[in-house]
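Try each one yourself before you read the solution.

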Amino acid sequence: QEPIFFICPILQALFPFFPASRSIAQNPNRKANTGIHSHKNRNLFYATMDNIVRILKKEVTFEITPNKESEQSLGLESQVKTKVLFKVKTTNPNRYYVKPNIGILGPRETTQLRLVLNALPSVPDDIASSKDKFLIQVAPYPDAG
């Protein structure tokens with residue numbers, strides 16, 4: 001039997017109030033260039049996901065062969081000079097697993113994630129209409145001080 005290929009999108013989410021660096025906060029002219037904007041009622045800032053962590057693919061393609069796992073790698077690249085927490089979720093945890101699914105990215109560090117489609121006894125009938133997705137969430141690393 002010929003393998004079936006399934007494309008799964010990678011979504012991204014950002015902790016809503018990611019703190020900006022002091023130099024950006026003190027220089028309003030730099031805000032527009034960095035994607036960081038002040039929040040009206042808080043002394044915190046919001047940044048776009050691409051300014052914090054760059055995801056090196058927007059989708060992954062799994063080869064579905066009965067009784068065989070399919071694996072893809074996905075790179076996460078920190079764009080900031082501080083540590084960043086990340087967590088990866090899937091809409092179908094019975095079908096996929098991710099290693100590591102949580103972690104800490106060091107300053108300007110890149111890490112590779114393993115996205116694995118579990119072995120399936122057969123190609124699911126609903127695979128063409130499947131809405132399976134991966135969600136990558138990031139948040140600032142809490143200061144110890």
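## Salt bridges and their surroundings

Glu-71 is partly exposed, with a relative accessible area of 43%. Keep in mind that this is a predicted model.

**Exercise 1.** Find the salt-bridge partner of Glu-71 and say which elements the pair ties together.

*Solution.* Start with the partner: Glu-71 pairs with Arg-114, and their closest N and O atoms are 3.1 Å apart. Glu-71 sits in strand β6, while Arg-114 belongs to strand β10 (residues 110-117), so the bridge ties together parts that are 43 residues apart in sequence. Finally, check the cover: Arg-114 has 34% relative accessibility and counts as partly exposed.

**Exercise 2.** How many salt bridges are there in total? Work through the others.

*Solution.* The count is three. Take Arg-54 next: it bridges to Glu-77, with the closest N and O atoms 2.9 Å apart. Arg-54 is in strand β4 (residues 53-55) and Glu-77 in strand β6 (residues 70-78), so this pair ties together parts 23 residues apart in sequence. Arg-54 is partly exposed, at 39% relative accessible area.

Then there's the bridge between Asp-132 and Arg-95, at 3.0 Å from N to O. Asp-132 is in the loop between β10 and β11 (134-140), and Arg-95 is in the loop between β7 (84-90) and β8 (96-99); the two are 37 residues apart. Are these two buried or exposed? Both Asp-132 and Arg-95 are buried, that is, under 20% relative accessible area.

**Exercise 3.** Which residues have the most contacts inside the largest nonpolar core? Pick one and list some of its contacts.

*Solution.* The core has 28 residues, and those with the most contacts inside it are Ile-10, Phe-62, Leu-76, Leu-115, Phe-134 and Ile-136. Let's pick Ile-10. Leaving aside neighbours within four places in sequence, Ile-10 touches residues including Ile-55, Val-60, Leu-74, Leu-115, Phe-134 and Ile-136. As background, nonpolar side chains in soluble globular proteins tend to be buried together.

Key. Residues are numbered from 1 along each chain as its sequence is written. This is a predicted model: local features need pLDDT of at least 70, side-chain atom pairs count only at pLDDT 80 or more; totals for chains, interfaces and linings use all residues. Side-chain values use heavy atoms; hydrogens and water are left out. A nonpolar core is a set of buried Ala, Val, Leu, Ile, Met, Phe, Trp, Tyr and Cys residues joined through side-chain atoms within 4.5 Å. Buried means under 20% relative accessible area, exposed over 50%, partly exposed in between (1.4 Å probe, protein chains only). Contact means heavy atoms within 4.5 Å. A salt bridge is a side-chain nitrogen of Lys or Arg within 4 Å of a carboxyl oxygen of Asp or Glu. Helices (H or I, at least four residues) and strands (E, at least two) are DSSP runs, numbered from the N terminus.
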